[in-house]
Number of protein chains: 2
Amino acid sequence: MYQKFFRELEDLPDKETVPLNEVIDHLVFNDSGLIPVITQDVETKDVLMMAWMNKAAIEKTLSEGRMTYWSRSRNEFWTKGESSGNTQELINMSFDCDGDAVLCQVNQSGPACHTLRPNCFYLKVDNKNNRVTVIGNRG
Amino acid sequence: MYQKFFRELEDLPDKETVPLNEVIDHLVFNDSGLIPVITQDVETKDVLMMAWMNKAAIEKTLSEGRMTYWSRSRNEFWTKGESSGNTQELINMSFDCDGDAVLCQVNQSGPACHTLRPNCFYLKVDNKNNRVTVIGNRG
């Protein structure tokens with residue numbers, strides 16, 4: 001899914017900068033206006049969850065320093081931890097080479113998963129035995 | 001995006017197992033039959049890239065032990081490193097709490113990014129200065 005804008009950034013040398021708003025304007029949002037966001041614990045480097053943002057959620061997250069996704073089920077902003085208290089402070093945000101994914105490193109308060117497990121990827125494939133193992137208790 | 005199948009898994013205790021094929025059958029694929037896949041270096045824990053798999057690509061990756069995505073631009077299997085040699089050996093695969101994302105930990109040979117940078121997330125937001133900084137040389 002290459003596009004000219006991101007293709008041209010490829011040739012820039014280390015530490016070169018470009019305007020943030022230009023990059024955001026060229027991100028590849030899907031038909032629903034959303035882009036996938038990977039959220040990683042900045043200290044443990046565990047991948048905590050994957051969710052979605054629209055352009056406004058990206059801008060809100062950057063301006064407020066707290067992770068705000070777009071809830072596809074409720075069709076509204078979803079500021080992580082607003083009800084649970086398990087907030088995510090944004091530390092770093094990056095975009096990928098073809099502008100269709102966002103990586104955010106965060107300081108996670110409490111468990112990231114709504115099941116109260118530390119992260120959402122708690123269903124681990126046991127390939128040898130053709131099983132999936134639950135990792136961690138519900139809390 | 002909750003569904004009954006994954007909702008019921010939530011209550012299982014630590015180390016309980018369920019059949020792999022049942023979980024795969026209930027994964028949430030989008031209208032194009034694809035699910036987002038996050039690929040992480042198993043040693044450094046860096047997030048290397050995000051791409052997509054269909055059900056057949058998940059099964060191929062598990063049976064062959066090498067990451068095979070579905071190329072949305074070429075509309076065909078995309079076994080990572082087939083042309084570049086920069087293959088990804090699958091070490092761990094996990095699914096998230098609502099079955100709509102896959103996390104794979106890999107042994108990455110060479111750079112993960114087609115730009116020859118170590119990973120695809122080389123466009124880092126400098127929030128304070130409203131810029132995006134290129135991280136790493138093209139190689």
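1. Read from one end of its sequence to the other, chain A of this predicted model follows the pattern α-β-α-β-β-α-β-β-β-β-β-β, which amounts to three helices and nine strands. The C-alpha trace of chain A spans about 45 × 40 × 30 Å along its principal axes, and buried residues make up 39% of its 139 residues. Of the contacts in chain A between residues at least 6 apart in sequence, 40% join residues at least 24 apart.

2. Chain A is superposed on chain B by a rotation of 180° with 0.0 Å of shift along the axis, at an RMSD of 0.0 Å. The two copies are thus related as by a two-fold rotation axis, and the C-alpha of chain A nearest that axis belongs to K45(A), 3.0 Å away from it. Both copies use the same surface, since 100% of the contact residues of chain A recur in chain B.

3. The sheet to look at next draws on both chains: seven strands form an open sheet with mixed pairing, in the order β1(B)-β9(A)-β8(A)-β6(B)-β7(B)-β2(B)-β3(B). At its edges stand β1 (17-19) and β3 (47-53) of chain B, and because each has a single partner strand, one side of each is left without a neighbour in the sheet. From one strand to the next, the twist averages 30°.

4. Which residues of α3(B) are buried? They are A57(B), I58(B) and T61(B), and seen down the axis of α3(B) the buried residues fall within an arc of 105°, so they line one face of the helix. These buried residues pack against α2 (20-26), β3, β4 (68-71), β5 (76-79) and β6 of chain B.

5. The face of α3(B) turned away from the buried side carries the exposed residues A56(B), S63(B) and E64(B). Just after the helix α3(B) comes G65(B), which takes a positive phi of about 75°.

Note on methods: Residues numbered from 1 in each chain as written. Chains lettered and ligands numbered in written order. Predicted model: local features only at pLDDT ≥ 70, side-chain atom pairs only at ≥ 80, totals over all residues. Helix = DSSP H or I, 4+ residues; strand = E, 2+ residues; numbered from the N terminus. Buried ≥ 20, exposed ≤ 12 C-beta atoms within 10 Å, placed from the backbone. Contact = placed C-beta atoms within 7 Å. Least-squares fit on C-alpha atoms with pLDDT ≥ 70 in both. Pairing = 2+ DSSP bridges. Axes fitted to C-alpha atoms, helices over the stretch in contact; angles between N-to-C directions. Arc of directions from axis to C-beta.
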